[in-house]
Amino acid sequence: MAWTRQILRVNLTKGTCTSEPLNMEWAMDYLGSRGLASKYLVEEIDPKVDPLSADNKLIMATGPMTGTIASTGGRYTVVTKGPLTGAIACSNSGGYFGAEMKFAGWDMIIFEGKSSKPVYLMVENDKAELRDASHLWGTSTWHTEEQIKKENQDPQIRISSIGKAGENQVLFSCVVNDLHRAAGRSGVGAVMGSKNLKAVAIRGTKGVGNVENPAEFQKVTAEKKQILAENAVTGEGLPTYGTQVLMNVINEMGALPTRNHKDVAFESANDISAEAMAKPRESDGKAHLVTNQACFGCTIACGRISKIDKDHFSVVQKPQYHGASGGLEYEAAWALGAANGVKDLEALQYANLICNEQGMDPISFGATIGAVMEMYENGTLDEKKIGVKAPFGSAEALCELVDMTANGEGFGVEIGLGSKRLCEKYGQPELSMSVKGQEFPAYDSRGIQGMGLTYATSNRGACHLRSYTVASEVLGIPVKTDPLTTEGKPGLVMAFQDATAAFDASGLCIFTSFAWGLGDIQPQIDAACEGDWSEAKLQEVGERIWNMEKLFNLKAGFTKEDDQLPKRLTTEPAKEGPAKGLVAGVPEMLPEYYEIRGWDKEGVPTAEKLKSLGL
Amino acid sequence: MGNTTATLKLYASLSEFLPAGALDNKAQIEVSESDSVARIIEQFNLPERLVHLVLVNGVYIEPEDRPNRILAPGEVLAIWPPVAGG
């Protein structure tokens, strides 16, 4: 089975916690995690609901592989209607919290309503209760974790919480677990904040004892771990250099968005790269990088743990930041660095630490700072308005503004709106580098054409984790395709989207897909779960999830006009590199994408397509 | 005499194969009319299993094209072992 078959429903308005059986019919169609939680969400809320109202719901969900011995089986997702986008939101996190939820006997927790005062949920196996969190409100995720463990006299409790950003409903606030892993995108932390839910603390001791075929599961998971170990990327590249190794790769290709996407290459990329993190600093002779780190059950271990230079201006007289902590990962280093033209690695790590501590998505925060800096340089904003001088490249401004945003002070309140609302407010909507209100990640769609279509059609707004065609267009996984052409990309994007949805629904990490295909997760799922889980069925589950998410967004009011990129990317050609002269070819790819999806010309799934998927 | 140098960039675990004097993962190297990408890879003793992502001026060079792709003066050859990110 692998599912616990139990859901915990928490009504924050009434203060009740009740258990109910998992809908196994839905589990057979949506598998778990992203798929199954999204199914519950679309069945239970009005797509037009205000994301920050009591009528929105927030679901924390595991997949059937979460908590098992399968490699990377530590993932959980937070599913809700996202306040940054107004679209369906599904943010995925590693660490240890997801496995603990499973060990306590729950497939998912559904939060509904709104508490009249700050509370946190305490779960100890079957026992669940809401507790007062007044003493935690106004504190960081780090303090919250420490305090809950301390007051319960149990260091093994696993916690997901929001910091001040989520409390203040910063629209890109996230939910942080295990100090520096996060359900990061779309503002899921703000939804928790709107419900006065500070944290979820779980202690589970049951393990996952209900695997369908234990002997076969043990055998097949061992075989698949061997593939990860022997693969050059998952066995060596990711653990040694982490995701940050991409900084120089993408820059060399002329696809590193720089200074709010005005440029496609950053002259100081090497200063903020994996290579720089491993090099001894001039100031103290120590490398920034301390070690790598794995999430629950992971045999890849791509995470980065670093120590900031304690003499850096950002942390002078702030010893709380001098220890080893999470970061920098590629996306954060790009968004806080190249996107703003900032080349000070220590400043990037400081901003990253604050994002972890107070619960903010560093991608959206950093990209919003890019828009602020462009508006500062073009005279729309000035020092008086912002509170600091904020030209591109200013490490000081980055560090000041991350504090102001996390703490809800001064201009930080406006930054907390995200780039779309901020740029609209100041009459420059075209300067927001976003789709559906969510900021781009670290790949320029003029130099990697498939990513343009990925961003435009992503159901949660601009995102690389819905269809990582970089694997094919840059890294040659599973096959090398030309990043500069639009030809064949609609099919490539669709294939990545559906496969990714299936991976996400399983509870496994998408990074395994650098070595595994659906054919590798299929026998693991089939051995763990009841039912017949063929590769074809997993593909269908992925496609069903994608179409279900799309239907929710259509009902929420999104149209074809929202499947577009900002004009900068479709009208301003890349200035240098292999893509010089090219713009993003989304307008020419979109009709073909709709067609192969079985959608009409307006991007609406046809009745025939929906019927074939049982929707 | 015109320019006879090209730029060699080696990253991640290939960094240790850079010639003395290299800075920020790059070095200037002398190239002749017969210096193909494959020949330069051989010249710097880059282990075959670590030569994965090969770019000239940012454009990927397929393994089968490396023996015939001549590196001209002024061009940039950048090489990585198998890596990934997200």
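**Core, domains and a helix**

Trainee: Let's begin with contacts. Beyond its neighbours within four places in sequence, which residues is A:Val372 in contact with?
Mentor: Setting those neighbours aside, A:Val372 contacts A:Leu381, A:Ile386, A:Ala390 and A:Ile415. Bear in mind that this is a predicted model.

Trainee: Noted. And which residues touch the most other members of the largest nonpolar core?
Mentor: That core has 228 residues, and A:Val372 is among those with the most contacts to other members, along with A:Ile59, A:Tyr120, A:Ala201, A:Ala351 and A:Leu398.

Trainee: Switching topic: how is chain A divided into domains?
Mentor: Domain 1 covers 6-203, domain 2 covers 241-439, and domain 3 is made of 450-514 + 534-612.

Trainee: How many residues of domain 2 of chain A are in contact with domain 3 of chain A?
Mentor: On the domain 2 side there are 20, and they contact 24 residues of domain 3 of chain A. By class, the domain 2 side has 10 nonpolar, 6 polar and 4 charged residues. Strands E16 (434-435) and E17 (438-439) of chain A each give at least two residues to that side. The C-alpha centres of these two domains of chain A are 26 Å apart.

Trainee: Nice. Now helix H20 of chain A: is it mostly covered or mostly uncovered?
Mentor: Mostly covered, with 16 of the 18 residues of H20(A) buried. The helix runs over residues 489-506 and reaches 26 Å from first C-alpha to last, close to the 26 Å expected.

Trainee: What comes just after H20(A)?
Mentor: A:Gly507, which takes a positive phi of about 100°.

Terms used:
Residues are numbered from 1 along each chain as its sequence is written. Chains are lettered from A and ligands numbered from 1 in the order in which they are written. This is a predicted model: local features need pLDDT of at least 70, side-chain atom pairs count only at pLDDT 80 or more; totals for chains, interfaces and linings use all residues. Helices (H or I, at least four residues) and strands (E, at least two) are DSSP runs, numbered from the N terminus. The expected span of a helix is 1.5 Å times one less than its number of residues. A residue is buried if 20 or more other C-beta atoms lie within 10 Å of its own, exposed if 12 or fewer, and partly exposed in between; C-beta atoms are placed from the backbone. A nonpolar core is a set of buried Ala, Val, Leu, Ile, Met, Phe, Trp, Tyr and Cys residues joined through C-beta atoms within 7 Å. Two residues are in contact if their C-beta atoms, placed from the backbone, lie within 7 Å. Domain bounds come from an automatic or database domain assignment. Ala, Val, Leu, Ile, Met, Phe, Trp, Tyr, Cys and Pro count as nonpolar, Asp, Glu, Lys and Arg as charged, and the others, Gly among them, as polar.
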